[in-house]
Amino acid sequence: MDGPQRPRLASLSDFQFGAVATETIEDVLLHLAQQNEQAVQEAAGRTGSFKETRIVEFVFLLSEQWCLEKSVSYQAVEILERFMVKQAESICKQATLQLRGNEKKEPQNWRSLKEQLFNKYILRLVSCVQLASKLSFHYKIINNITVLNFLQSLGYQYTKEELLESELDVLKSLNFQINLPTPLAYVEILLEVLGYNGCLVPAAQLYATCLTLLDLVYLQHEPIYESLLRTSIENSTPSQLQREKFISVKEDFMLLAAGIIAASAFIQNHEYWSQVVGHLQSITGMALESIAEFSYVILTHSVGANTPGRQQTAPPHLAARALTAVAASNT
């Protein structure tokens with residue numbers, strides 16, 4: 001007798017564009033824009049610190065093994081990122097207080113706090129994936145038996161109670177606010193609007209390429225954003241002030257989504273790239289240069305030299321440097 005069937009992963013053909021009323025799309029776009037603006041304004045100094053390639057790859061592979069849809073893997077990374085930032089801030093705060101109280105005991109307490117975080121890191125990571133799966137009502141929730149079996153295969157022995165405590169620790173640390181927007185939501189809504197605006201490259205055709213490039217940005221998060229920073233200021237050695245100003249860019253999912261779509265359009269049909277960038281500028285209100293700059297960096301890290309910045313098909317004014325607010329700090 002055959003064993004239980006492996007759940008089917010969502011196929012690209014399952015996604016349909018142009019089926020939602022324009023009023024609904026407008027409401028969703030406005031809501032996401034407001035969320036994005038708030039996230040940009042509240043961007044903290046440690047943003048992106050825990051999106052290392054190995055961590056993201058681990059989450060992606062685990063999500064794939066458990067047959068979770070793409071949005072779950074992205075959301076798990078965002079939950080883990082925010083949780084780890086909170087933990088790092090808490091450890092730094094406690095260490096500072098201990099240092100003021102008793103300088104001799106500080107090194108030992110500091111090591112103890114770090115060891116506690118490191119020893120439970122895999123457990124916390126898996127809890128973030130499990131929590132993300134519970135937010136996705138389209139597909140199955142990852143139950144505790146599945147999680148325990150996986151952890152056991154890695155040599156970890158945890159109980160169901162410890163799993164629940166781990167989930168609760170993550171929830172409490174984030175004030176139970178884990179339903180976080182992901183760049184994928186911005187990509188999908190912008191593709192939806194592009195379809196209604198008469199974009200010459202079909203949204204469904206762009207979608208598969210967008211997913212591939214979004215994976216790339218997550219897996220190469222630091223190198224890509226470092227390239228974007230250096231390119232935007234035209235300087236290979238950014239100052240501390242420039243890096244601090246650039247932190248908000250890392251939380252700008254609307255800009256990221258626009259850059260990914262523009263890069264995808266260039267890969268699909270570079271002749272329509274300028275039109276797509278123009279549509280994106282009209283929809284988001286972002287500068288053409290910013291969208292073009294981000295697409296250039298993404299393409300450079302993905303397909304190499306044949307990028308918009310080096311093509312005659314790109315309008316000359318799009319070769320200007322983006323992110324003028326960051327570049328201005330160089331003066």
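Predicted model: local features only at pLDDT ≥ 70, side-chain atom pairs only at ≥ 80, totals over all residues.
**Helix α14.** Select residues 288-302, which form helix α14. Next, display the side chains of the buried residues: Ser-290, Ile-291, Ala-292, Glu-293, Phe-294, Ser-295, Tyr-296, Val-297, Ile-298 and Leu-299. Then step past the helix to Gly-304, which follows α14 and has a positive phi near 100°.

**Helices α9 and α10.** Keep α9 and α10 in view; their axes come within 5 Å and cross at roughly 90°. Angles of 65 to 115 degrees count as roughly perpendicular, and α9 is therefore roughly perpendicular to α10. For the contact itself, select Leu-216, Val-217, Tyr-218 and Leu-219 on α9, together with His-221, Ile-224 and Tyr-225 on α10. By class, this contact comprises six nonpolar residues, one polar residue and no charged residues.

**Two loop residues with positive phi.** Move to the loop between α2 (53-65) and α3 (70-101) and select Cys-67. Although Cys-67 is not a glycine, its phi is positive, at about 60°. Finally, select Phe-176 in the loop between α7 (160-173) and α8 (183-196). Phe-176, also a non-glycine residue, has a positive phi of about 60°. Which of these residues is buried, and which is exposed? Cys-67 is buried, with a relative accessible area of 4%, whereas Phe-176 is exposed, with a relative accessible area of 53%.

How values were computed:
Residues numbered from 1 in each chain as written. Heavy atoms only, no water. Helix = DSSP H or I, 4+ residues; strand = E, 2+ residues; numbered from the N terminus. Expected span 1.5 Å × (residues − 1). Buried < 20%, exposed > 50% of the residue type's maximum accessible area, 1.4 Å probe, protein only. Axes fitted to C-alpha atoms, helices over the stretch in contact; angles between N-to-C directions. Parallel < 35°, antiparallel > 145°, perpendicular 65-115°, else oblique. Contact = heavy atoms within 4.5 Å. Nonpolar A, V, L, I, M, F, W, Y, C, P; charged D, E, K, R; others polar.
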